[in-house]
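Colleague: I'm new to reading models like this one. Could we go through it together, one question at a time?

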Amino acid sequence: SSQVCSQVSLFNARLPSRRAARKYKGQVDPELLVGSSIWAAVRDPSSTGHVVFALLSLAFLAHDLTVIPYTLAWQLPFEGYLMVSTAISLLFWSCDIGVSFV
C-alpha cells in the first residue's frame, strides 16, 4: 500500500530534468515532462519549420532525381553549377540525417 502511494506521488510530481527522469528508471509519465528540457528538441509535425523542411526535402529530391541521371548519361564535367549544387545537396542530406533523429 505504501509503495503504491509513493508511485502515485511520483507521477504527481513535476520532474525538472532528464536526470530526474533517469533517477526513477523509466517510471515517469511522459505528460509530466512536456515542459522540461528532455522534450525541448522534439519537432511538432505541423509546425512551420517542419513543413518548410519537408518542402526543401522535396525540392532537393526532385533536383537530385533530374540532375544525377542527366549528368551520368551525358558524362558532363564536374565543375561550375554541377559542383556547387552537388555540394549543397550533400550538405542538405547530411543535415537531414541529423534532423531525422530530433
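Colleague: Is Thr71 buried or exposed?

Modeller: First, find Thr71 in helix 3, residues 48–74. A residue is called buried under 20% relative accessible area. Thr71 has 14% relative accessibility, so Thr71 counts as buried.

Colleague: Which residues does Thr71 touch, leaving out those up to four places away in sequence?

Modeller: Leaving those out sets aside the close sequence neighbours of Thr71. What remains is a pair of leucines, Leu76 and Leu82.

Colleague: What pLDDT does the chain average?

Modeller: Good thing to ask! Over residues 7–12, pLDDT stays under 50. Where pLDDT is low, the predicted coordinates should not be read in detail. At least 70 is scored by 59% of the residues, and the chain average is 76.

Colleague: How far apart are the end C-alpha atoms of helix 4?

Modeller: Helix 4 covers residues 81–100, which is 20 residues. At 1.5 Å a residue, helix 4 should span 28 Å. The model agrees, because the end C-alpha atoms are apart by 28 Å.

Colleague: Which helix do the buried residues of helix 4 pack against?

Modeller: Those buried residues are Leu82, Ser85, Ser89, Phe92 and Asp96. They cover an arc of only 95° around the axis, so they sit on the same side of helix 4. On the other side, Leu90, Leu91 and Ile97 are exposed. The partner that the buried residues pack against is helix 3.

Definitions and conventions:
Residues numbered from 1 in each chain as written. Predicted model: local features only at pLDDT ≥ 70, side-chain atom pairs only at ≥ 80, totals over all residues. Heavy atoms only, no water. Helix = DSSP H or I, 4+ residues; strand = E, 2+ residues; numbered from the N terminus. Buried < 20%, exposed > 50% of the residue type's maximum accessible area, 1.4 Å probe, protein only. Contact = heavy atoms within 4.5 Å. Expected span 1.5 Å × (residues − 1). Arc of directions from axis to C-beta. pLDDT = per-residue confidence, 0-100.
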